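Colleague: I am new to this structure and would like to know how its labels were reached. Please take me through them.

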Amino acid sequence: MLTDTSKAIIARFSAYTLGILAFTALLPFLIRNGDIAMFDENGIVETMQFGLLICATAVFSVTSFRNSAFRSLLLILSCCSALAAFRELDLLLDKWIPVIGWKIGYLVIVLAAFVAYKEWHILKSQIRQFFFLRGFGVLWAALVIAIPFSQLVGHEEFLVAVMGDDYTRNYKRIIEESGELIGYFLLAAASLEIVSQMRAQTKARLGFQEEQE
């Protein structure tokens with residue numbers, strides 16, 4: 001028999017899968033006659049990427065203040081997703097901030113390093129527990145798709161070698177941006193799964209402590 005918790009997990013993962021299927025299935029209808037404007041800088045796809053990264057950052061950040069048992073790890077995760085959000089705004093930030101541009105986002109990595117250094121004795125225990133969360137697997141899949149797959153399969157030298165004279169830069173942009181979008185979608189999904197399971201573990205721990213008292 002499926003418990004209410006199991007049904008909720010199945011429902012969420014079904015929604016994640018349907019979201020990815022919907023995007024990939026709609027691609028032929030969204031791109032007509034070679035028009036890839038939606039994949040351009042500051043286009044629809046990049047805006048969606050930024051929105052997903054902000055959502056993940058917000059989930060990690062807000063929960064870090066509510067869940068003291070995993071606060072350090074959640075803050076670090078929020079900093080990592082925030083850096084990716086800064087990177088997606090590179091065109092605008094390079095115009096607005098002279099010299100430094102989007103690299104100002106590395107300030108959040110400095111914050112993450114400070115948290116890791118100051119809270120290392122606590123963080124080690126949080127990381128060990130983190131590896132056993134189902135959200136860790138989703139997060140790992142997000143990183144694999146957003147970084148090695150998108151960047152390497154969408155790499156210009158590889159595509160030129162495969163397509164030869166048929167290659168145009170449009171192929172690179174479509175593969176890279178689509179992969180990043182799916183990766184960031186999974187990152188947002190991972191944030192929900194991680195926070196959900198962390199909350200459940202914290203409640204279980206508090207319940208056990210109350211029973212012992």
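Predicted model: local features only at pLDDT ≥ 70, side-chain atom pairs only at ≥ 80, totals over all residues.

Colleague: Where does Glu-176 lie, and which residues does Glu-176 touch?

Modeller: Glu-176 is part of helix H9, residues 169-212. Leaving aside residues up to four places away in sequence, Glu-176 touches Ser-150, Gln-151 and Gly-154. A contact here takes heavy atoms within 4.5 Å.

Colleague: What makes Glu-193 and Arg-12 a salt bridge?

Modeller: The rule asks for a side-chain nitrogen of Lys or Arg within 4 Å of a carboxyl oxygen of Asp or Glu. In this pair the closest N and O atoms are 2.6 Å apart, so Glu-193 and Arg-12 form a salt bridge. The pair links distant parts of the chain, with Glu-193 in helix H9 and Arg-12 in helix H1, 181 residues apart. As background, side chains of opposite charge can pair when their charged atoms come close.

Colleague: Are Glu-193 and Arg-12 buried, partly exposed or exposed, and how do you know?

Modeller: Glu-193 has a relative accessible area of 0%, which is under 20%, so Glu-193 is buried. Arg-12 has 24% relative accessibility.

Colleague: What other residue does Glu-193 meet in a salt bridge?

Modeller: The side chains of Glu-193 and Arg-134 meet in a salt bridge, at 2.7 Å from N to O. This pair also links distant parts of the chain: Glu-193 is in helix H9 and Arg-134 in helix H7, 59 residues apart. Salt bridges that share partners join Arg-12, Arg-134 and Glu-193 into one network. Arg-134 is partly exposed because its relative accessible area is 26%.

Colleague: How many salt bridges does the rule give in total, and what makes Arg-87 and Asp-90 one of them?

Modeller: The count comes to five. For Arg-87 and Asp-90 the closest N and O atoms are 2.6 Å apart, and the limit is 4 Å, so the pair is a salt bridge. Arg-87 counts as partly exposed because its relative accessibility is 38%, whereas Asp-90, at 13%, counts as buried.

Colleague: Which residues are closest to the centre of the largest pocket, and which element gives the most to its lining?

Modeller: The largest pocket holds about 730 Å³ of space. Of its 29 lining residues, Arg-87, Glu-88, Gln-151, Glu-180 and Tyr-184 are the closest to the centre. Two or more lining residues come from each of H2, helix H3 (71-88), helix H7 (134-153) and H9. H9 gives the most, with nine residues. By type, the lining divides into 15 nonpolar, three polar and 11 charged residues.

Colleague: What is the phi of Val-99, and how do you know whether Val-99 is buried or exposed?

Modeller: Phi of Val-99 is near 70°, a positive value in a residue other than glycine. Val-99 lies in the loop between helix H4 (90-96) and helix H5 (106-118). Its relative accessibility is 89%, and exposed means over 50%, so Val-99 counts as exposed.

How values were computed:
Residues numbered from 1 in each chain as written. Heavy atoms only, no water. Helix = DSSP H or I, 4+ residues; strand = E, 2+ residues; numbered from the N terminus. Buried < 20%, exposed > 50% of the residue type's maximum accessible area, 1.4 Å probe, protein only. 1 Å grid on protein atoms, 1.4 Å probe; cavity = no way out; pocket = protein on both sides within 12 Å on 5 of 7 lines; lining within 4 Å. Points joined across faces, edges and corners; volume = space filled by probe spheres on them. Nonpolar A, V, L, I, M, F, W, Y, C, P; charged D, E, K, R; others polar.
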